[in-house]
Amino acid sequence: MTKPLLTISGLEGGYGDIKILNGVNIEVPAKSIVTIVGPNGAGKSTIMKAIYGIANVTAGSVTIHKDGVDHDVLATKPYNLSKIGIGYVPQIENIFSAMTIDENLDVGFLPESGKPLGELKESMYARYPDLVSRKKDRAGQLSGGQRQMLALARALMSAPDVLLLDEPSAGLAPALVDQLFDELVRINESGVTILMVEQNARRALEISTYGYVLDMGRNRHEGAGKSLASDPEIVGIYFGKR
Amino acid sequence: MTDFIQLLFNGLVEGSIFGIAALGISLVYSVLRLVNFAAGDFLTLGAFTTFFFTTSIKFPFVVAVVISMVLGVALSLILEFILWRKLRKIRAGTLALFLVATGVAFIVRQSIAMLFGSDSRRFEIDQIKSFEFFGAIIPQAQLIVLVCSSIAITAIAIFIKKASIGKDMRAYSDNPSLAAVSGINVNRVIIATWIISGTFGALAGVFQGTVQGQFTNAMGLDLLLSILAAVVLGTIGDAYGALIGGFVLGIVMELSTWDALLGGIPSTYKPVVAFVVLVIVLLFKPEGIFGVKARKI
Ligand SMILES: Nc1ncnc2c1ncn2[C@@H]1O[C@H](COP(=O)(O)OP(=O)(O)OP(=O)(O)O)[C@@H](O)[C@H]1O
Ligand SMILES: [Mg+2]
């Protein structure tokens, strides 16, 4: 079996003395979409924050395996994570709102990615034509849907192997939610692996290769995305509301 | 008319110095959330070290200025490593930072007096040579200050706008948590901020020393209120605002002494004008001229 691109194993940690994660195991195969769902407060965001050193880690490991080499993610400085191929779009405040759209892309750019800045920007504008006419506007003036597109574009500017997305559909109008999931599929088809956390569980699992249900900071269920989305027990317990 | 041109020129010269000094304070605030009350004394230090290297060691003036800028940067970085970084780590509050910055200011000021004496100093440059422009007297030294400060202001404005580290600085001040997770090396941003602050502090000090003619170790402290007024006027944390706030304040302060304006005020009261501007801005437009959202100091 080939090694997964990203492996989270036995991850424990939290904030200060408060323990939130009690042993989380997640495997993200290359080119897949993996979704983590679970009730509010389960610790979904905390997994991503632990990777970025915002939450503390007390046990476990996170490894990214590419080009035959394992990189210790937790030992990598947060600002160097983009250099080992990880991009992150946080749940909130995920754009630089006082800067222009164009500058948001500049800031996301990673010279080490080996791709020229101009070319990457062109490809982002081709992907998100709504942003073209607003290049020079402050990002804070964008609508909710456009913001989310910019947040994705900013993260894609570092040409990541894997994108960590924390609730990408949060706060979007229903019509935009569909657009967003279509966009995630397109990003994935362009070769980017995705690990996301979503409240909109059924919709997210439908496009996912694999899904995990997290509860109280531990794995509770897992399975292929579609089967999890239609498992009556899980649907009943964890996302009956949606 | 002649008076007006004279005051306008004086105001531009003084305003450009306020602008340079205010930029450093505003930048440090935007990146570190620290109001650097020691900034005034870094101006004084720049003037005194330049004086020392030109008179005691006979270095050419420009060389002495460059050395002074390097020393200003070095001291700023030392303080960053032994003080500010540690205070950030323990999440020191506004009051703690205020007290420490005030203490640093005091120590720098007293050290200058100890090292260089507290007599007033004067650069060995030609202070007399002047031109006439529509009847106004334009001293050559001040004209050089205005030209050099305008070049420095243009250079820094372009740097912050275009350079990659300039963009990183703006990104970090806009959204520190996102900056930290999007490939920006926060420590590099902070070091770049202190480098700019140290360089510009020393430069502003040399310019102010030149314009004043003579100066003591209280020069920067006397100027601090005006610089802070420029910072607040131009919206604290906004680098471009600080530059414009500096010019506006410099011109307002000079014009306030104009006879044609109800006789004008005695020029020794100019700092009071800065204080009045500061209070008016804080009362009626605390976010400054360019502020979109109100940021409390
Ligand atoms: N900075 C913090 N300091 C202390 N506790 C925190 C912090 N951030 C989150 N928590 C707590 O950690 C727990 C898990 O939070 P987390 O954000 O990971 O949940 P989540 O699964 O992402 O939930 P949601 O669906 O609401 O986003 C919650 O109880 C939360 O209150
Ligand atoms: Mg969350």
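Tutor: Three salt bridges are found across the interface of chain B and chain A, in what is a predicted model. A salt bridge to look for joins the side chains of A:Glu103 and B:Arg170, with a distance of 3.0 Å from N to O.

Now follow the side of chain B that touches chain A. Two elements each give two or more residues to this side: helix H6 (164-174) and helix H7 (176-181) of chain B. H6(B) gives the most, with five residues. Sorted by class, the residues on this side of chain B are seven nonpolar, four polar and five charged.

Next, let's see how much of each chain takes part. The contact brings together 16 residues of chain B and 19 residues of chain A. About 1,500 Å² of area is buried between the chains, and carbon and sulfur atoms give 58% of that area. On the chain B side, B:Asp174, B:Leu178 and B:Val181 supply 37% of the area that this chain buries against chain A, more than any other three residues.

In chain A, strand S6 (86-89) and helix H4 (144-156) each supply at least two residues of the lining. S6(A) gives the most, with three residues. The classes in the lining of the second largest cavity are five nonpolar, six polar and one charged.

How do we know where to look for such spaces? Rolling a probe the size of a water molecule over the atoms shows where empty space is left. Over the whole structure, the search finds three cavities of 30 Å³ or more.

The largest cavity has a volume of about 110 Å³. Its lining is made up of 15 residues, and the closest to the centre are B:Asn36, B:Ala39, B:Phe42, B:Ser197 and B:Gly201. Helix H1 (2-32), helix H2 (39-55) and helix H8 (186-212) of chain B are the elements that give two or more residues to this lining. By class, the lining of the largest cavity holds nine nonpolar and six polar residues, with no charged ones.

Key. Residues numbered from 1 in each chain as written. Chains lettered and ligands numbered in written order. Predicted model: local features only at pLDDT ≥ 70, side-chain atom pairs only at ≥ 80, totals over all residues. Heavy atoms only, no water. 1 Å grid on protein atoms, 1.4 Å probe; cavity = no way out; pocket = protein on both sides within 12 Å on 5 of 7 lines; lining within 4 Å. Points joined across faces, edges and corners; volume = space filled by probe spheres on them. Helix = DSSP H or I, 4+ residues; strand = E, 2+ residues; numbered from the N terminus. Nonpolar A, V, L, I, M, F, W, Y, C, P; charged D, E, K, R; others polar. Contact = heavy atoms within 4.5 Å. Buried area = accessible area lost by both parts, 1.4 Å probe. Salt bridge = Lys/Arg side-chain N within 4 Å of Asp/Glu carboxyl O.
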